[in-house]
Amino acid sequence: SYTITEYTNNPPSAGFTVTPESGYTSTVFEFDATLSTDIEDGSSLFYIWDWNNDGTWDTDTLSTPYTSHKYSSADSYTVKLLVIDSGGLMDSTYHWYLEVSSTTYPTPTAIFTVTPTTLNVGDILTVDASESFDAEDKYDLEYRWDWEDDGTWDTPYDTSKTETHSYDSTGEKIIRLEVRNSRDEVGTDTETVTVE
């Protein structure tokens, strides 16, 4: 005798996350659909994305749950994910209010301190640019220095926030700092020291 077991295919359950949850027109949004599940197929699912929920699918049928997208215009978007299992059953889900703003980055703000501000020829001064910042690029700033503000940069760009220098002549010296972010935007600041 034979036992006949009837196979029942259950539909998948769609789920995904987006990182970051808001950004700019220059932001690459990362989409992760590993929250999608299926009893029979496990993680062997197919994924289709609609980046603005306009009824037109924007990707081919993907076998990987990971993808990314960059929006060309500022708006509030609803993202739709369709998940399909090997039996052709489907489920969909949405991410509402993905906020995309225009790319209006402020330039980096260059700030530094000098210690001491009055010194003798040959004395070593220390400059510290730790307070410089960039709202979008906090950790990738680079710094360079012009010790007499003569238009010639005396150090190359470097990620070090502090430098030391000594002068071999007297007078008032203007020190210029330039801070650069990963978008090649720059900010500058100057301070004056007296060499006696």
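Predicted model: local features only at pLDDT ≥ 70, side-chain atom pairs only at ≥ 80, totals over all residues.
User: How do strands of a sheet pair?

Analyst: Strands in a sheet are joined by backbone hydrogen bonds, and the pairing is either parallel or antiparallel. One case here is an open sheet of three strands in the order 1-3-5, with antiparallel pairing. Strand 1 (17-19) and strand 5 (66-69) are at the edges; each has a single partner strand, so one side of each has no neighbour in the sheet. From one strand to the next, the twist averages 25 degrees.

User: Which residues show the pairing of strand 3 and strand 5?

Analyst: Strand 3 covers residues 29-32 and pairs with strand 5 over four bridges, in the antiparallel sense. Aspartate 32 has tyrosine 66 of strand 5 as its bridge partner.

User: What is the order of the open sheet of four strands?

Analyst: Its order is 2-7-6-4, and the pairing is mixed. The edges are strand 2 (22-24) and strand 4 (46-50); each has a single partner strand, so one side of each is left without a neighbour in the sheet. Neighbouring strands in this sheet are turned by 30 degrees against each other on average, direction ignored. Strand 2 and strand 7 (residues 90-101) run parallel and are joined by three bridges. Serine 22, for instance, has glutamate 99 in strand 7 as its bridge partner.

User: Is histidine 95 buried or exposed?

Analyst: Look at the relative accessible area; under 20% counts as buried. Histidine 95 has 15%, so it is buried. This residue lies in strand 7. Apart from neighbours within four places in sequence, histidine 95 is in contact with Phe16, Val18, Glu21, Tyr77, Thr78 and Val79.

User: Where does serine 76 lie, and what is its relative accessible area?

Analyst: Serine 76 lies in strand 6 (residues 75-84). Its relative accessible area is 32%, so serine 76 is partly exposed. Setting aside neighbours within four places in sequence, its contacts are Tyr97, Leu98 and Glu99. With glutamate 99 there is a polar contact between the two side chains, at 3.0 Å.

User: How many residues apart in sequence are serine 76 and valine 18, and what is their distance in space?

Analyst: Separation in sequence and distance in space are read as two values. Serine 76 and valine 18 are 58 residues apart in sequence and 14 Å apart in space, C-alpha to C-alpha. For the whole chain, take the contacts with a separation of 6 or more: 57% of them join residues 24 or more positions apart.

Conventions
Residues numbered from 1 in each chain as written. Heavy atoms only, no water. Pairing = 2+ DSSP bridges. Helix = DSSP H or I, 4+ residues; strand = E, 2+ residues; numbered from the N terminus. Axes fitted to C-alpha atoms, helices over the stretch in contact; angles between N-to-C directions. Contact = heavy atoms within 4.5 Å. Buried < 20%, exposed > 50% of the residue type's maximum accessible area, 1.4 Å probe, protein only. Polar contact = N/O pair within 3.5 Å; in protein donor to acceptor, adjacent residues only side chain to side chain.
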